[in-house]
Amino acid sequence: MTKDIVIIGGGPAGLAAAVAARDAGAKEILVIERDEILGGILNQCIHNGFGLHTFKEELTGPEYASRFIKQVEERRDGIDTLLKTIVIDVRAEGDTKTVTCMSKEQGIFTVDCKSVILAMGCRERPRGALNIPGLRPAGVYSAGTAQRIVNIEGRLPGKNVVILGSGDIGLIMARRMTLEGAKVHAVLELMPYSGGLKRNIVQCLNDFDIPLRLSTTVIDIGGRERLEYVVTAEVDKNLKPIPGTEEKIECDTLLLSCGLLPENELTEAMGVKINPKTGGAEVDESFETSISGVFSCGNVLHVHDLVDFVSEEAKEAGKRAAAYVLNTVPARSTNEIRLVPGAGVRYTIPVSIRKERLEDLLTIRFRVTDVYKDPEICVYFDDKCIRRQKKKIVAPGEMEQVILRRQDICAEENIKEIKIQLE
Amino acid sequence: MAEKILTCIGCPMGCELTVNYTEGDADSVVVTGNTCEKGRIYGTNEVISPKRTVTGTVNVVNREGTVVSVKTVPEIPKDMVIPVSEELNNLYVEAPTHIGDVVVRDILGTGSDLLITKNII
Ligand SMILES: Cc1cc2nc3c(=O)[nH]c(=O)nc-3n(C[C@H](O)[C@H](O)[C@H](O)COP(=O)(O)OP(=O)(O)OC[C@H]3O[C@@H](n4cnc5c(N)ncnc54)[C@H](O)[C@@H]3O)c2cc1C
Ligand code: SF4
């Protein structure tokens with residue numbers, strides 16, 4: 001089989017990329033999804049709050065996904081989808097990319113294409129992240145697994161629950177398990193702040209009087225076959241448990257919500273350069289990775305907390321991939337400007353830009369390293385500060401962005417570096 | 001007079017609001033601790049008539065081991081969240097389901113409808 005663009009992953013990122021690529025004129029687009037339905041992780045996120053930016057209304061996850069699935073259905077003249085098919089390898093040799101797939105019906109087969117969009121999403125940090133030696137009784141789940149069990153299969157994994165990690169999925173599951181009749185004893189967070197959205201802390205914990213204990217972790221769990229208790233302890237500045245603060249909580253279920261990791265095994269195997277800060281590919285202004293014609297967007301690029309931004313980013317990647325296959329974009333010159341995270345900034349997307357490939361506006365997304373009150377977000381062109389923007393508060397849990405104009409970047413003769421920094 | 005401490009969810013600032021009020025009397029509400037008008041409106045609504053959307057699942061009778069997701073439209077009073085969630089256990093639908101299908105009208109007298117949020121073929 002040959003195609004113009006193969007998109008790996010049929011979640012919101014893959015779907016938005018497909019629609020945008022089609023609208024930009026690409027004709028032979030194939031979306032490959034390992035699940036039996038399109039929509040990705042949104043299918044299990046049945047709570048509402050999606051789409052405020054994109055559709056100006058509050059949708060649930062499946063409703064948000066269905067909007068994009070519909071857009072794909074309306075473009076069947078150019079977009080094909082393969083379900084229950086997993087991509088196991090991608091090779092790039094010159095202009096041709098070879099995607100190796102596997103499905104029950106067709107066995108192993110390959111698709112050749114000009115461009116690949118990586119949209120595989122992320123998965124949860126494995127439970128190894130929980131550094132507890134010894135027993136592994138039943139009743140310990142990742143929060144996302146529990147979400148699938150409750151929301152898709154309609155079963156309740158347990159009745160007495162402790163949640164470790166206050167990321168959004170953990171918070172959402174605290175409410176969900178409570179509404180299904182379970183008792184959630186506490187949500188524990190190792191850090192002195194929660195990584196979750198304020199709205200979720202208020203509506204998922206405070207509404208149900210579920211305590212959030214910051215700077216607290218689980219140091220031991222017990223139970224023979226099924227979990228019977230966890231032992232918690234407060235931690236000091238260096239995240240080490242403080243002796244004497246131990247507390248035993250009886251419970252049959254421990255949910256781990258310890259963060260998400262981009263799913264980049266395929267990306268690494270094909271030799272794409274990975275940004276160690278995000279765990280995702282390094283991309284330029286076109287969401288193009290270090291291999292020409294290979295693009296990346298959505299959670300596989302960097303972990304998002306709002307699906308609206310995923311869709312926005314994926315749309316751009318789809319458009320750029322279409323331009324690549326239609327040959328309407330200048331090839332990458334060596335004249336790149338690097339984007340550098342300065343003080344207080346953990347990473348930026350993109351990591352490099354080329355003036356001749358910029359659109360009118362360039363959106364730079366980034367995350368900060370810590371909670372800062374009243375910071376100024378500063379943009380430097382080499383050593384010159386060209387913008388200061390006051391903010392009331394920034395936090396690692398909320399993605400930030402600055403938007404620059406092409407004309408401002410192009411007005412400068414020889415910039416080598418654009419730095420984003422907090423002051 | 002009653003007093004309530006709330007966290008405003010209007011923006012990431014998360015201002016801590018102190019709301020003084022007489023039960024059920026919107027004119028009596030005094031919000032302090034807010035940085036902007038949004039916080040005052042949020043604080044007032046939260047003590048006078050807090051509302052929430054309930055999302056959950058109901059059984060699909062003709063698909064074993066499958067549930068379908070639902071939500072209340074419009075939002076229901078906050079104190080009805082638990083009763084409505086419990087009521088979901090007594091309900092069921094048949095596949096195929098379509099987004100927007102009504103499962104129950106005026107669920108538990110809240111004036112809100114329970115709608116399907118997922119297509120199951
Ligand atoms: C458990 C969980 C809960 C979340 N809750 C929220 C929330 O409440 N609100 C919010 O705004 N965001 C939430 N998010 C963030 C959410 O991931 C993003 O909003 C959005 O779903 C990301 O879209 P995506 O397309 O990048 O990834 P995904 O939705 O994960 O889609 C990736 C798709 O790629 C497929 N795939 C992966 N590898 C392969 C392969 N090798 N071959 C074929 N197919 C493959 C997967 O099956 C999947 O369908 C949540 C994320 C997780 C993991
Ligand atoms: S009061 Fe205003 S500034 Fe404070 S959290 Fe609410 S919306 Fe934000």
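## What covers helix H5 of chain A

The buried residues of H5(A) are covered by elements from both chains: from chain A they include helix H4 (168–179), strand S12 (183–188) and strand S13 (212–213), and from chain B strand S1 (2–7), helix H1 (37–48) and strand S4 (51–52). Cover here goes by contact, meaning heavy atoms within 4.5 Å. Helices (H or I, at least four residues) and strands (E, at least two) are DSSP runs, numbered from the N terminus.

H5(A) spans residues 198–205, and six of its eight residues are buried. Those six are A:Asn200, A:Ile201, A:Val202, A:Gln203, A:Cys204 and A:Leu205. Buried means under 20% relative accessible area, exposed over 50%, and partly exposed in between (1.4 Å probe, protein chains only).

This is a predicted model, so local features need pLDDT of at least 70 and side-chain atom pairs count only at pLDDT 80 or more, while totals for chains, interfaces and linings use all residues; side-chain values use heavy atoms, with hydrogens and water left out. Residues are numbered from 1 along each chain as its sequence is written, with chains lettered from A and ligands numbered from 1 in the order in which they are written.

## A:Leu212, on strand S13

A:Leu212 sits in S13 of chain A. With a relative accessible area of 29%, A:Leu212 is partly exposed. Leaving out neighbours within four places in sequence, A:Leu212 is in contact with A:Ser166, A:Val187, A:Glu189, A:Ser194, A:Ile201 and A:Leu205. A:Ile163 is 49 residues away from A:Leu212 in sequence, with 9.6 Å between their C-alpha atoms.

## The nonpolar cores

The largest nonpolar core has 61 residues, and A:Ile5, A:Ile7, A:Ile8 and A:Val99 touch the most other members. H7(A) gives the most to this core, eight residues. A core is a set of buried Ala, Val, Leu, Ile, Met, Phe, Trp, Tyr and Cys residues joined through side-chain atoms within 4.5 Å.

## Around ligand 1

The shell of ligand 1 holds 33 residues, the closest being A:Ala13, A:Glu33, A:His47, A:Phe50 and A:Asn299. To be in the shell, a residue needs a heavy atom within 4 Å. By class there are 17 nonpolar, 13 polar and three charged residues; Ala, Val, Leu, Ile, Met, Phe, Trp, Tyr, Cys and Pro count as nonpolar, Asp, Glu, Lys and Arg as charged, and the others, Gly among them, as polar. S6(A) supplies the largest share, three residues.

As for polar atoms, a side-chain one of A:Glu33 lies 2.6 Å from an oxygen of ligand 1, and a backbone N or O atom of A:Asp305 is 3.0 Å from a ligand oxygen. Taken alone, ligand 1 exposes 970 Å², and the protein buries 93% of that (areas by the Shrake-Rupley method, 1.4 Å probe).

## A:His304, in a loop

A:His304 belongs to the loop between strand S19 (294–296) and H7 of chain A. At 8% relative accessibility, A:His304 counts as buried. A polar atom of its side chain lies 2.8 Å from the backbone oxygen of A:His302. Not counting residues up to four places away in sequence, A:His304 touches A:Gly298, A:Asn299, A:Phe309, A:Val310, A:Glu313, A:Arg367 and A:Met399.

Technical notes. A polar contact is a pair of N or O atoms within 3.5 Å; within protein, one must be able to donate a hydrogen and the other to accept it, and residues adjacent in sequence count only if both atoms are side-chain atoms.
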